[in-house]
Amino acid sequence: MSTIEERVKKIIIEQLGVKEEEVKPEASFENDLGADSLDTVELVMALEEEFETEIPDEEAEKIKTVQAAIDYVTNHAND
Amino acid sequence: MTITMEGQVALVTGASRGIGKAIAEQLVAQGVKVIGTATSDSGAEDISAYLGEHGEGRRLDVTDAESIAETLKAIDENYGQLDILVNNAGITKDNLLMRLKDDDWDAVLDTNLKSVYRLSKAVLRGMMKRRFGRIINISSVVGTTGNPGQTNYCAAKAGLVGFSKALAQEVAGRGITVNCVAPGFIDTDMTKALTEDQKQAIFANIPAARLGQPEEIAATVVFLASAGAAYITGETIHVNGGLAMV
């Protein structure tokens, strides 16, 4: 079983079409990985599905970097 | 023009009669499975009766988010993904503004405009994931021209145009189009409520000198839903016999 970090990174790579080496912890989806606001909405949707959780809008808005996504899932995932 | 829409799934609100019924029937003729909604059980039964094996009628209150969630869940379970949403359900509660009640303003805005916000939001997730979707909102010529006694209705119908343009820009990159069809005076129960004098006054302004038929609106909706209309988005197509050319 992959770690949460690996699974989150895989989703980011797939959703944003970026290279693995670009997905650094501090990388911002919009500023560094070329995502627009709708891309980040889709990214959150993908995270919700992968980890079978629902991310409230006010939390989703705070998930702006790779590390923030990993942290959120680590703290809230059901598995 | 060949339109092949075999196997697609559409939700048409307000489908028990008039324009909604014509839209549902023409989508079925293109091979689309249609879920048509009505506010009453008897309306839903009527829809099931005319759709037969090509879909079903369901009771839906478009002003109730829970009712919407239930309907979409049932569609997902029984039909799979939703390709086409036609927001057609609408009501009128006409009065001069000086006499208009808050309740009549709220009811018309809720049923005709906020419902479209609710339903569009609810179906977008699936459409975004599949990179395909068609949202078609039934506006009205009076949303553009205005009509005395219909401040509430005109505001809601004009609101749909702005809503559609904004949402169209948000989701165009995901293969989803959002458009309006704006009927003029169409031969439905809604226009049957007009007096003979009102009708004559209206006909004097319609170059085609007749009411439109629901099928003529439905044909435009089917076109916007088709693959051939993939590059049309944020647009309002007026179907009004020349009454207003915008």
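**Cysteines and the chain contact**

The structure, which is a predicted model, holds 0 disulfides over all chains. The points below take up the cysteines and then the interface of chain A and chain B.

**Cysteines**

- The closest cysteine sulfur to that of B:Cys154 belongs to B:Cys180 and lies 14 Å away, which is too far for a bond, because a disulfide requires two cysteine sulfur atoms within 2.5 Å.
- B:Cys180 is likewise in no disulfide, its nearest cysteine sulfur being that of B:Cys154.
- B:Cys154 has a relative accessible area of 11% and is buried.
- B:Cys180 is also buried, with a relative accessible area of 1%.

**Extent of the interface**

- Chain A contributes 8 residues to the contact, and chain B contributes 7 residues.
- About 680 Å² is buried between chain A and chain B, with 44% of this area on carbon and sulfur atoms.
- On the side of chain A, the most area is lost to chain B by A:Leu38, A:Glu42 and A:Met45, which together account for 68% of what that side buries.

**Charged and polar pairs**

- Between chain A and chain B there are 7 salt bridges.
- A salt bridge joins B:Arg125 to A:Glu49, with 3.9 Å between the closest N and O atoms.
- Of the chain A residues that touch chain B, 5 are charged, 3 are nonpolar and none is polar.
- Across this interface, 5 residue pairs are in polar contact, with both residues at pLDDT 80 or more.

Methods. Residues numbered from 1 in each chain as written. Chains lettered and ligands numbered in written order. Predicted model: local features only at pLDDT ≥ 70, side-chain atom pairs only at ≥ 80, totals over all residues. Heavy atoms only, no water. Contact = heavy atoms within 4.5 Å. Buried area = accessible area lost by both parts, 1.4 Å probe. Salt bridge = Lys/Arg side-chain N within 4 Å of Asp/Glu carboxyl O. Polar contact = N/O pair within 3.5 Å; in protein donor to acceptor, adjacent residues only side chain to side chain. Nonpolar A, V, L, I, M, F, W, Y, C, P; charged D, E, K, R; others polar. Buried < 20%, exposed > 50% of the residue type's maximum accessible area, 1.4 Å probe, protein only.
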